[in-house]
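Here is a short report on charged side chains that pair up. Look over the sequence and the model before reading on.

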Amino acid sequence: MSRIVIVSNRTPAKGPAAGGLAVALKKVLAERQGFWFGWSGKLTESPSPTAQIQDVDGLSVAQIDLTRDDHQAYYSGFANSILWPSFHLRLDLTTIESHWYEGYRRVNAQFAAALAKLLRPDDIIWVHDYHLIPLATELRQLGVRNRIGFYLHIPFPTPDALYAIPHHTDLMRDLSHYDLVGMQAKRDVAAFLEFAEHQAPPTFASSAKHHVDFSRTEILAFPIGSDPDAFASLSVSPAAQKMITRMRRSLGDERLILGVDRLDYSKGLPQRVEAYEKFLAHNASFRRGVHFLQVAPPSRDTIKEYQATSETLDAVCGRVMGKFAEPDWQPLTYVKRAYGQPSLAGLYRLARVGLITPLRDGMNLVAHEYIGSQNPEDPGVLILSRFAGAAEIFPAALQVNPFDTDESAEAIRVALEMGLEERRARYEALMAAARKHNVGDWAEEFLSHLARKPGDSAPQHDHIYLNSVA
Ligand code: F6P
């Protein structure tokens, strides 16, 4: 059996895995040999030409160091100040510094050079996310002929947003050097196909002759999931119960409305708090009977747009407190800190409403985790943004337009008033969908497609959206 090589910017650390994705990929590696390759997290004076290999809880992890300047250009610059905002359709938040692109390519070339030395001819290589779009090109230039797949964890942009990215045609050509490109949702494949069919309009710096040929690349949607049954068990574990007891003590009879997100502008946090503010304003009878908890661990906080989002959120939360708080009742708590999965599972289980309203999101695994953690006898209600990839697989959620804070406010009221029968029916449909899209099957299905030799028939899975230019 071929070895599997997982490549991503960050690699798993020692100790309990932080997320379902890391657990699922670790399982794949344990079953098929292989290793994980990525950045060590260290910034050094000179880049490392060779990876250091270490054992991380039984997993072989190969890592390279990056220089501070390269990391700044590649990660904070091109990946997170250009690609991230553009792919999330926030062109207003992009900052373009042209030299970042060279840093982005340099780091990808450095990844490829160190990785190529470790490869065997039949290894299957699986590259993850927007930091590493050029990796296949760099590996092919070094003579690597292995099957290489790419999975994009974030949404794919509409053509207009793509055209706003410097060097977008080169990036699309980079994607054409993969054998398989996996996306989260049908909408992402559709956006990709729109580009593939029409290609970029010529500009003064490029012309239509730079047409990208995607005929050798398969583009499919493989919606990622979590492990909902693991969350079901975790939510009744002693650690989760400890969190539930602690929260019950502070909430009394108040019902909990919960949001859990990295502190990122794509998550729509100020809009969410504003929706809650409107809910309190329009529904005075609910005041003192509810509490909104937003968990928002800081993320990428050296980037100014993230600092600005954090400040906006401080201001909006302060405004809601000022308007509605009383000496013996606070309408909300806002926690800028990360919690472990057992504590989160406890919070999810306790929350009568899961308020998950990103402005745009690849999938949103919090939605999957919230569903998995519910008490089947007395489940909570998921309010979900229709712009999360998860909306395609969870039609039984209360779906909202997160930009329309009146609509989200009304959804909070509907969720709190929903009877047990409807909550159970929705939960059952959601849990069935979460199980169908579990992360273990997701990894196996992506790899079974990738391992296919040209000419083999495609493995059939009814929840992989087949829509391809190949
Ligand atoms: O959503 C994309 C993603 O890369 C996730 O895979 C990851 O958990 C998250 O962003 C965190 O990003 P960073 O590595 O920048 O902290």
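The sections below go through selected salt bridges.

## Overview

This is a predicted model. A search of the whole structure finds 30 salt bridges. Side chains of opposite charge can pair when their charged atoms come close.

## A link between separate parts

Glu-377 and Arg-424 form a salt bridge through their side chains, at 3.5 Å from N to O. Glu-377 sits in the loop between α13 (365-372) and β13 (381-385), and Arg-424 sits in helix α15 (residues 420-436), so the pair ties together parts that are 47 residues apart in sequence.

Glu-377 is exposed, at 52% relative accessible area. Arg-424 is partly exposed, at 31%.

## A pair within helix α15

Helix α15 also holds Arg-426 and Glu-422, 4 residues apart. About one helical turn separates them. Their side chains meet in a salt bridge, with N to O at 2.8 Å.

Arg-426 is partly exposed, with a relative accessibility of 23%. Glu-422 is partly exposed too, at 38%.

## Asp-92 and Arg-90

Another salt bridge joins the side chains of Asp-92 and Arg-90. Here the N to O distance is 3.0 Å.

How exposed is Asp-92? Its relative accessible area is 56%, so Asp-92 counts as exposed, given that exposed means over 50%. Arg-90 has 22% and is partly exposed.

## A network

Some salt bridges link up. Arg-105, Glu-138 and Asp-174 are connected in a network of them.

Definitions and conventions. Residues are numbered from 1 along each chain as its sequence is written. This is a predicted model: local features need pLDDT of at least 70, side-chain atom pairs count only at pLDDT 80 or more; totals for chains, interfaces and linings use all residues. Side-chain values use heavy atoms; hydrogens and water are left out. A salt bridge is a side-chain nitrogen of Lys or Arg within 4 Å of a carboxyl oxygen of Asp or Glu. Buried means under 20% relative accessible area, exposed over 50%, partly exposed in between (1.4 Å probe, protein chains only). Helices (H or I, at least four residues) and strands (E, at least two) are DSSP runs, numbered from the N terminus.
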